[in-house]
Amino acid sequence: GASQAGVDSAVPLADNTSILKKFKKDVVIASTVDPGNGDTGPHGISIVQSNFGLKKGQVVTCNFADSGGNAGKGTTVDVIDPGTGKTSTLAQSSKIEGCAGDATTLANDVWAAGYTTGQVCGFDRNGKPIGCKGSPFKAPFSVVDAHCKPAHCFYSPEIIFASDAKTGGIVQFAVNNYGNPNTIEVVTGFAVNKKSGWSKLGPSGLSFNPNQLGTLYAADGVDNTVVALTNASNLLAKDEVTVLKGGKTFKCKYHSGQAPCGKLIFAGSPLNAPVAMTMLPNGNLIVANSKGGNTLVEIDVSTGKVLATKIVDTSKTQGIFGLQATGTKDSNTALYYTDTNDNSLHELEQ
């Protein structure tokens, strides 16, 4: 199929080649246990884009649990060098307790979600704090950096989008000089899991395709859907898109051709409480279930078809809370995932 990306797109057209079927090797790259305080439970993954304090290709992850495995108590962001398998602490802070997701910016700042503290906090490339964002966050979970490719736009905002597992909203703020640095909840209405105990089902797995005006993808772990928020670079107003009950339909504030809106990509089986998600270089998505075994599901976004599924951990305990694809084309695509069952970073390779 072909995505809505135009000829000038920064991301190639989606295609219906299954990349998941091509992965033959599963390599353990490194332990994700924090070398300083022993934190465990690796969550979100982001990848360093440039050699600036950090090294291009390094993997940034954060820990949701402490050294005793207590969920929601981890306070560390780690940097993993895939070449050496070395894991080092970038930052440790009580402000990001229950670190559930992270995003690395073009300037190699890292923004991390403190699920327990209700804050999203930034650290520079040396791990020095650069500030936190609080309200309207209650339980921030998934974070993504949204920017257009430098060749296409010099004076545009670089946006952090973060989803919230308690409010069912998606909040954005700008981290460069061209956008609004204040937090605005731009999407509302995603279902959240109201069961007792700590629960992480809500909007998550945020992934951004910078084509044209940008598409933001989110997995809905309660309704078992994957949705696209179109023209996401234009999401500026409070609650501009509302996800209606059931997660498959949307109410959008504005109706011009370039106004953001919601679009259902896929719903139902084989999705089973999806949490982690990543966009492949070809524009398709891989989603990780958090129930019924650790199954990855590959979806062609242009047709809404499931291309493949793959079990990556045979344990019945859910473990895959971080996914990030790398590469530039189908033939060199690889997939990083974190597994909380063995506290390791893995790479699926062709």
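Author: Happy to. Two strands pair if DSSP finds at least two bridges between them, and strands are DSSP runs of E with at least two residues, numbered from the N terminus. Please keep in mind that this is a predicted model, where local features need pLDDT of at least 70, side-chain atom pairs count only at pLDDT 80 or more, and totals for chains, interfaces and linings use all residues. Residues are numbered from 1 along each chain as its sequence is written, and side-chain values use heavy atoms, with hydrogens and water left out.

Reader: What makes β8 and strand β9 (residues 129-133) a pair?

Author: Four bridges join β8 to β9, and the criterion asks for at least two, so they pair. The two strands run antiparallel, and V120 stands opposite K133 in β9. Their hairpin has five residues between the strands, and in its turn G127 has a positive phi of about 85°.

Reader: How many bridges join strand β7 (residues 110-114) to β8?

Author: Five bridges join β7 to β8, again antiparallel. W111 has G122 in β8 as its bridge partner. This hairpin has four residues between the strands, and G118 takes a positive phi near 75°.

Reader: Why is β8 described as largely enclosed?

Author: Buried means under 20% relative accessible area, with over 50% called exposed and values in between partly exposed (1.4 Å probe, protein chains only). Four of the five residues of β8 (residues 119-123) are buried, so the strand is largely enclosed by the rest of the structure.

Reader: Why is the pair of Y115 and F141 called edge-to-face?

Author: Phe, Tyr and Trp rings (for Trp, the six-membered ring) pair if their centres lie within 6.5 Å; planes under 30 degrees apart are stacked, over 60 edge-to-face, and the rest tilted. Four aromatic pairs turn up in a search of the whole structure. For Y115 and F141 the ring centres are 6.2 Å apart and the planes stand at 80°, so the pair is edge-to-face. Y115 lies in the loop between β7 and β8 and F141 in strand β10 (residues 140-146), so the pair ties together parts 26 residues apart in sequence. Together with F64, these two residues form one aromatic cluster.

Reader: Are Y115 and F141 buried or exposed?

Author: Y115 has a relative accessible area of 11%, so it counts as buried. F141, with 3%, is buried as well.

Reader: How do you know that R125 lies over the face of F52?

Author: A charge sits over a ring if NZ of Lys or CZ of Arg is within 6 Å of the ring centre and within 35 degrees of the ring normal. R125 lies over the face of F52, at 4.1 Å from the ring centre.
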